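This report describes selected side chains and their surroundings. The sequence and structure come first, and the text follows.

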Amino acid sequence: MAPTDETGQAAPQSSASGATPPVRPPVGGAGANGRMPRWLPRAMVLALALVAAFQLGSWAFHQLTSLLINILIAFFLALAIEPAVSWMASRGMRRGLAAFIVFIGVMVVSAGFVTLLGSVLADQIIKLIEGFPEYLDSVINWINTHFKTDLKRVDIQEGLLRSDWLRNYVQNSATGVLDVSAQVIGGLFQLLTIALFSFYFAADGPRLRRAICSVLPPARQAEVLRAWEIAVNKTGGYIYSRGLMALISGVAHFVLLQALDVPYAPVLAVWVGLVSQFIPTIGTYLAGALPMLIAFTVDPWYALWVLIFVVIYQQFENYVLQPKLTSKTVDIHPAVAFGSVIAGTALLGAVGALIAIPAIATLQAFLGAYVKRYDVTDDPRVHGHRRRGEGPGLLTRARTLWARRPGAERPGDGGSGSGENSS
């Protein structure tokens, strides 16, 4: 009989040399010669399906990026006009009609301003073209006087007309007309998309809020409604701060243009104020280019003065005016406002720069309710200054420092010295 161990199973027999023979793997195991586990094919199919879903979602997101950005812009525009629409709706007007009236008012004001500005710009361009030969003659005379040359305007014009550069430029411009037209049509379609989404968000705001709250428990519904209200307040404050900075910028540039006797100074001042504040990143350059062009038609030196003033005022606005006004209206730190604009520009370009501050202000105000705050200790290091009557005064500290100077006589030194001499 074969020997057995304590568990009742047959113990492996030793070979003649005393070595234990290798144990064979079980027949139904997952060894090298075993069958594939049943879960492995399903796991492979699931992994492939997840990879395919991720790739499809990534492709769809990249294809819909422009639409999502337009919806984001439309949402913030709807938040900006929400107070006006809600005020009109509270007076008994239908919400859709109130939103329509607000949109029509904004469109009429914008169209009127663009039309007036376009007529002014066309008039100044015509004057610039008519006076271009005189400017060219003055430049040629200056060059001939200082560099001892003999240039003539007729020779320069003939050289330009016969040059290959002008011919290539005209051909490229002719072929680029279609590209410009396509970009203009695409921009108009994008504006129409933003306007439609903004109108629907403003007109159906309560319905949208009800649809969101219907899938949330009551506690979450209160949080969503509070976040919505904070977003409306912060966006309105941001628009108010931008409008105030546009007013200050317009007044400052109007004073300069009026002092230089530049024509159409009020229209140009409004142009500078609105464009520099509501078109991020490139708005400053667009706003300053038009006054410089029109000032150049009056006197080329006036254009230089306008450029210097625009640069100086822009630095004052970026580092002094904008941080202070933004921190007051949307209640965020100036450094946070400046950093949010940089981060928004890096993420979404001009759109990110425009909506960065209200978005950060909304997020900060919403998350502030969940941060537990404590009373600050009454310490001078916290308040940044020493309270009056606390610690030695300035005169006392000055006397102490004077008494501690090298070689100064201590108060008790004179008495001790006299005592030693007397002894």
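Helices (H or I, at least four residues) and strands (E, at least two) are DSSP runs, numbered from the N terminus. The model is predicted, so local features need pLDDT of at least 70 and side-chain atom pairs count only at pLDDT 80 or more, while totals for chains, interfaces and linings use all residues. Residues are numbered from 1 along each chain as its sequence is written, and side-chain values use heavy atoms, with hydrogens and water left out.

**Aromatic pairs**

Rings of Phe, Tyr and Trp (its six-membered ring) pair if their centres lie within 6.5 Å; planes under 30 degrees apart count as stacked, over 60 as edge-to-face and the rest as tilted. By this rule there are eight aromatic pairs. One of them joins Phe 75 and Phe 201 edge-to-face, with 6.0 Å from centre to centre and 85° between the planes. Phe 75 belongs to helix H2 (residues 65-90) and Phe 201 to helix H6, so this pair ties together parts that are 126 residues apart in sequence. The pair of Tyr 313 and Phe 316 is tilted, because the ring planes are at 50°, with the centres 6.1 Å apart. Tyr 313 and Phe 316 both lie in helix H11, three residues apart, which is about one turn of the helix. Phe 75, Phe 76, Phe 197, Phe 201 and Trp 228 form one aromatic cluster.

The table gives the exposure of residues from these two pairs. Buried means under 20% relative accessible area, exposed over 50%, and partly exposed in between (1.4 Å probe, protein chains only).

| Residue | Relative accessible area | Class |
|---|---|---|
| Phe 75 | 25% | partly exposed |
| Phe 201 | 18% | buried |
| Tyr 313 | 9% | buried |
| Phe 316 | 40% | partly exposed |

**A serine in helix H6**

Ser 198 is located in helix H6 (residues 164-203). With a relative accessible area of 1%, Ser 198 is buried. Contact means heavy atoms within 4.5 Å. Leaving aside residues up to four places away in sequence, Ser 198 touches Ala 74, Leu 77, Ala 78 and Phe 103. The Ser 198 side chain also reaches the backbone oxygen of Ala 74 at 3.3 Å.

**A leucine in helix H11**

Leu 307 is part of helix H11 (residues 300-329). Its relative accessible area is 36%, so Leu 307 counts as partly exposed.

Definitions and conventions: A polar contact is a pair of N or O atoms within 3.5 Å; within protein, one must be able to donate a hydrogen and the other to accept it, and residues adjacent in sequence count only if both atoms are side-chain atoms.
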